Amino acid sequence: MSRNRSSSSFVFPCTKVRKVSENALPSSLKAVEDQLKICGHKRDIDVLELFLSKKELTEVIDLSRFKKLRYLWLHHNKLHGISFLTRNYCLTELYLNNNAIFEIEGLHNLPSLNILLLHHNELTNIDATMKELKGMQNLRSLSLYQNPLSQYNLYRLYIIFHLPGLELLDRKQITEKERRYMITIFDHKKAHVIQSVAFGKRVDASWNPKLPIKQKRVKKPPSDFAFGDNVDKTLFDDPEDAVFVRSTKRSLMTFISMNWNTVLTRSEKYDQKKKSSAAEMLMISLR
């Protein structure tokens, strides 16, 4: 008797879950069909947008039949995942906020995505989330606030680091200051390279006296153009030459000292055969 009870109690929950899942799909199918009737679409290829928000949906039918779908509203439902989005390659705006989503596996299949709203969900793994998003070259606007992962100390800078093309994060514009700060924290090698940049370009400051500097004259500046007194008036055709000359000038260090080899000693001063000559100065230049 105990065995029968245990087996029946084990099977029953699985049957219950299956029944809930089977009931969820028809409700999403009905919601989709209702939208098609409202918009008057008779062919799937004509469907460019679907408004399925606030439908109490826990699951959604596969939407790959809508090849040209570009805008999809699914906010304020009870979704847990996004497995229904597999071949919607034209989708550019996706609104999934205010659900119960705990993973976004499969989102990398949407290369055209430009706007993605995922705030007010249950996302906890920031690394898994970035793994799905970092391949999206067209993503410009993203919202992830009010998720457990947003409690991470460097959450905002971490997102900016993995998504350099992003312009708007959590409804706030990403600033250049944040991008510079992000580089110093997560990309030390790039930060070192940036510090060695002059005029926005890397410069090889090693000195080679045999290397000629191409100093080509270009068109004369306007008559009303005035140079500052401390500005080099030489004009270069190639900006690289100007950068190189500027770097060598700024890095030049000069020391002047007495050349003691040319100074007579006490005994040499009284030696009549030794001709006296003026001491020489020695100039040492270092780069």
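The model is predicted, so local features need pLDDT of at least 70 and side-chain atom pairs count only at pLDDT 80 or more, while totals for chains, interfaces and linings use all residues. Residues are numbered from 1 along each chain as its sequence is written, and side-chain values use heavy atoms, leaving out hydrogens and water.

Let's start with confidence. The protein has a mean pLDDT (the predictor's confidence in each residue, from 0 to 100) of 75, and 66% of its residues reach 70 or more. Over residues 1–22, pLDDT stays under 50. For that stretch the model has one contact (heavy atoms within 4.5 Å) beyond four places in sequence.

Now the sheet. Two strands pair if DSSP finds at least two bridges between them.

Leu72 stands opposite Leu94 in E3.

Finally, where is Leu96? Look in the loop between E3 and strand E4 (115–117). Is Leu96 buried or exposed? Leu96 is buried (under 20% relative accessible area, with exposed over 50% and partly exposed in between, using a 1.4 Å probe and protein chains only), at 0%. Leaving out residues up to four places away in sequence, Leu96 touches several others, including Leu74, His75, Ile101 and Leu118. The C-alpha atoms of Leu96 and Leu118 are separated by 5.2 Å, with the two residues 22 apart along the chain.

Conventions: Helices (H or I, at least four residues) and strands (E, at least two) are DSSP runs, numbered from the N terminus.
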